[in-house]
Amino acid sequence: MRHFLIINGPNLNRLGLREPDVYGSKTLTDLERELMLFAENQAFQITCFQSNHEGDLIDAIHEADDQYDGIVLNPGAFTHYSYAIRDAIASVSLPVIEVHISNVHSREPFRHQSVTAPVTAGQIIGLGFEGYQYALLALHKKMGEK
């Protein structure tokens with residue numbers, strides 16, 4: 001059974017409270033529950049991880065290389081400036097799909113650039129919580145191609 005890691009970065013623990021006009025009213029717990037049910041229905045496993053700390057996210061990416069079949073990553077604001085997370089993604093053999101709940105391209109100009117995207121298998125942007133599901137399906141399909 002395929003096993004994927006979902007990593008959520010800084011401030012995503014504030015979903016439901018933080019800018020509900022941008023991110024909606026559902027919480028990180030709601031997202032994780034939805035994803036667990038989705039994964040069960042698709043016959044694969046997921047593990048969810050969230051941290052506000054760059055080093056913890058890097059450690060999770062490194063450790064995933066030996067434990068999972070792929071990563072769905074929402075790096076939050078680290079998307080725009082963390083070369084350390086970019087390098088961590090590049091250092092693993094797993095496919096990584098970058099996800100953003102909001103459409104970062106319709107927001108502040110500093111959000112338009114992703115330093116992590118060039119080393120990912122793809123990006124899903126602006127589709128809300130469903131973006132995570134699409135990312136999981138893409139990873140699952142990618143594994144079937146190997």
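1. Contact order. Among contacts in the chain between residues at least 6 apart in sequence, 77% join residues at least 24 apart. Keep in mind that this is a predicted model.

2. Secondary structure. The chain carries 5 helices and 5 strands. Their order along the sequence reads β-α-α-β-α-β-α-β-β-α.

3. Overall dimensions. The radius of gyration of the chain is 14 Å. A compact globule with 146 residues would come out near 15 Å, so the chain agrees with that expectation. Along its principal axes, the C-alpha trace spans about 40 × 30 × 25 Å.

4. Burial and surface. Of the 146 residues, 46% count as buried.

5. Helix pair, geometry. Two packed helices are described by the angle between their axes and the distance between the axes. Here the pair is α3, residues 54-64, and α4, residues 83-91. They pack at an angle of about 5 degrees, and their axes lie 9 Å apart. Angles under 35 degrees count as roughly parallel, so α3 is roughly parallel to α4.

6. Helix pair, residues. On the α3 side, the contact uses Glu-54, Leu-57, Ile-58, Ile-61 and His-62. On the α4 side, these meet Ala-84, Ile-85, Ala-88, Ile-89 and Ser-91. The residues of this contact of α3 with α4 divide into 7 nonpolar, 2 polar and 1 charged.

Definitions and conventions. Residues numbered from 1 in each chain as written. Predicted model: local features only at pLDDT ≥ 70, side-chain atom pairs only at ≥ 80, totals over all residues. Heavy atoms only, no water. Axes fitted to C-alpha atoms, helices over the stretch in contact; angles between N-to-C directions. Helix = DSSP H or I, 4+ residues; strand = E, 2+ residues; numbered from the N terminus. Parallel < 35°, antiparallel > 145°, perpendicular 65-115°, else oblique. Contact = heavy atoms within 4.5 Å. Nonpolar A, V, L, I, M, F, W, Y, C, P; charged D, E, K, R; others polar. Rg over C-alpha atoms; globule rule 2.2 N^0.38 Å. Buried < 20%, exposed > 50% of the residue type's maximum accessible area, 1.4 Å probe, protein only.
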